[in-house]
Amino acid sequence: MADPLPRKAFALRLDPALFAAIERSAAGDLRSVNAQVECLLREALARRGVKLAAPVAAKRGRPPKASESD
(Lines give C-alpha, C1' and ligand atoms only; values in the text may rest on other atoms or scores of the structure.)
Protein backbone atom coordinates (compact mmCIF):
# COMPACT_ATOMS: atom_id res chain seq x y z
CA MET A 1 0.00 0.00 0.00
CA ALA A 2 1.45 3.38 -0.97
CA ASP A 3 1.55 6.41 1.31
CA PRO A 4 -1.39 8.78 0.85
CA LEU A 5 1.07 11.63 0.26
CA PRO A 6 4.57 11.29 -1.19
CA ARG A 7 7.46 11.56 1.26
CA LYS A 8 10.64 13.53 0.69
CA ALA A 9 13.71 11.29 0.84
CA PHE A 10 17.19 12.63 1.58
CA ALA A 11 20.51 11.39 2.86
CA LEU A 12 21.34 12.19 6.47
CA ARG A 13 24.81 11.68 7.90
CA LEU A 14 24.84 11.09 11.66
CA ASP A 15 27.48 10.43 14.25
CA PRO A 16 27.39 6.66 14.97
CA ALA A 17 26.76 7.27 18.68
CA LEU A 18 23.77 9.51 17.88
CA PHE A 19 22.38 6.91 15.47
CA ALA A 20 22.76 4.20 18.11
CA ALA A 21 20.90 6.35 20.67
CA ILE A 22 18.06 7.00 18.19
CA GLU A 23 17.95 3.29 17.36
CA ARG A 24 17.60 2.36 21.05
CA SER A 25 14.92 5.01 21.53
CA ALA A 26 13.04 3.75 18.46
CA ALA A 27 13.15 0.16 19.72
CA GLY A 28 11.74 1.29 23.06
CA ASP A 29 8.86 3.05 21.28
CA LEU A 30 8.31 0.18 18.80
CA ARG A 31 9.11 2.44 15.83
CA SER A 32 11.54 2.34 12.96
CA VAL A 33 14.56 4.63 13.13
CA ASN A 34 13.04 6.70 10.32
CA ALA A 35 9.74 7.11 12.17
CA GLN A 36 11.61 7.96 15.38
CA VAL A 37 13.65 10.68 13.66
CA GLU A 38 10.45 12.16 12.21
CA CYS A 39 8.78 12.05 15.62
CA LEU A 40 11.76 13.70 17.33
CA LEU A 41 11.88 16.43 14.68
CA ARG A 42 8.14 17.13 15.07
CA GLU A 43 8.54 17.33 18.88
CA ALA A 44 11.52 19.69 18.57
CA LEU A 45 9.67 21.95 16.16
CA ALA A 46 6.60 22.00 18.42
CA ARG A 47 8.77 23.09 21.37
CA ARG A 48 10.04 25.98 19.21
CA GLY A 49 6.49 26.99 18.38
CA VAL A 50 6.51 25.83 14.77
CA LYS A 51 3.03 24.66 13.84
CA LEU A 52 2.71 21.69 11.49
CA ALA A 53 -0.31 19.97 10.07
CA ALA A 54 -1.03 16.66 11.75
CA PRO A 55 0.52 13.74 9.87
CA VAL A 56 -1.84 11.74 7.69
CA ALA A 57 -2.52 8.46 9.46
CA ALA A 58 -1.95 5.32 7.45
CA LYS A 59 -5.05 3.28 6.75
CA ARG A 60 -4.98 0.02 8.66
CA GLY A 61 -6.86 -3.22 8.28
CA ARG A 62 -8.57 -4.86 5.38
CA PRO A 63 -10.31 -2.82 2.72
CA PRO A 64 -14.10 -2.95 2.85
CA LYS A 65 -15.77 -5.78 0.95
CA ALA A 66 -17.30 -4.92 -2.38
CA SER A 67 -21.07 -4.69 -2.17
CA GLU A 68 -23.01 -7.61 -3.64
CA SER A 69 -25.50 -5.30 -5.43
CA ASP A 70 -22.90 -4.05 -7.99
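Before I turn to the chain, one definition: accessible areas here come from the Shrake-Rupley method with a 1.4 Å probe. With that in hand, and keeping in mind that what we are looking at is a predicted model, I can say that the accessible surface of this chain comes to about 6800 Å², and that 58% of that surface belongs to carbon and sulfur atoms. The chain has 70 residues, of which 6% count as buried, where buried means under 20% relative accessible area. As for its secondary structure, the chain has 2 helices and 0 strands.

Let me begin with the two helices. Helix α1 covers residues 16-28, and helix α2 covers residues 33-47. In general, two packed helices are described by the angle between their axes and the distance between the axes. For α1 and α2, the angle is about 95° and the axes lie 9 Å apart, which makes α1 roughly perpendicular to α2.

Is F19 buried, exposed or partly exposed? Its relative accessibility is 34%, so F19 counts as partly exposed.

Next, the loop between α1 and α2, where we find L30. The phi angle of L30 is near 55°, which is a positive value in a residue other than glycine. L30 is also exposed, because its relative accessible area is 80% and the cut-off for exposed is over 50%.

Now to the charged residues. Side chains of opposite charge can pair when their charged atoms come close. How many salt bridges does the structure hold? There are 3 salt bridges, and I will take them one at a time.

In one of them, E38 pairs with R7, and the closest N and O atoms of the two are 3.5 Å apart. E38 belongs to helix α2 whereas R7 sits in the segment before α1, so this pair ties together parts that are 31 residues apart in sequence. E38 is partly exposed, with a relative accessible area of 23%, while R7, with a relative accessible area of 57%, is exposed.

E38 also meets R42 in a salt bridge, with 3.6 Å from N to O. Here both partners lie in helix α2, and because they are 4 residues apart, about one helical turn separates E38 from R42. R42 has a relative accessibility of 28% and therefore counts as partly exposed. Taking these pairs together, R7, E38 and R42 are linked in a network of salt bridges.

There is also a salt bridge between the side chains of R31 and D29, at 3.3 Å from N to O. R31 is partly exposed at a relative accessible area of 36%, and D29 is partly exposed as well, at 43%.

Key
Residues are numbered from 1 along each chain as its sequence is written. Side-chain values use heavy atoms; hydrogens and water are left out. Buried means under 20% relative accessible area, exposed over 50%, partly exposed in between (1.4 Å probe, protein chains only). Axes are lines fitted to C-alpha atoms, for helices over the stretch in contact, and angles run from 0 to 180 degrees between N-to-C directions. Angles under 35 degrees count as roughly parallel, over 145 as roughly antiparallel, 65 to 115 as roughly perpendicular and the rest as oblique. A salt bridge is a side-chain nitrogen of Lys or Arg within 4 Å of a carboxyl oxygen of Asp or Glu.
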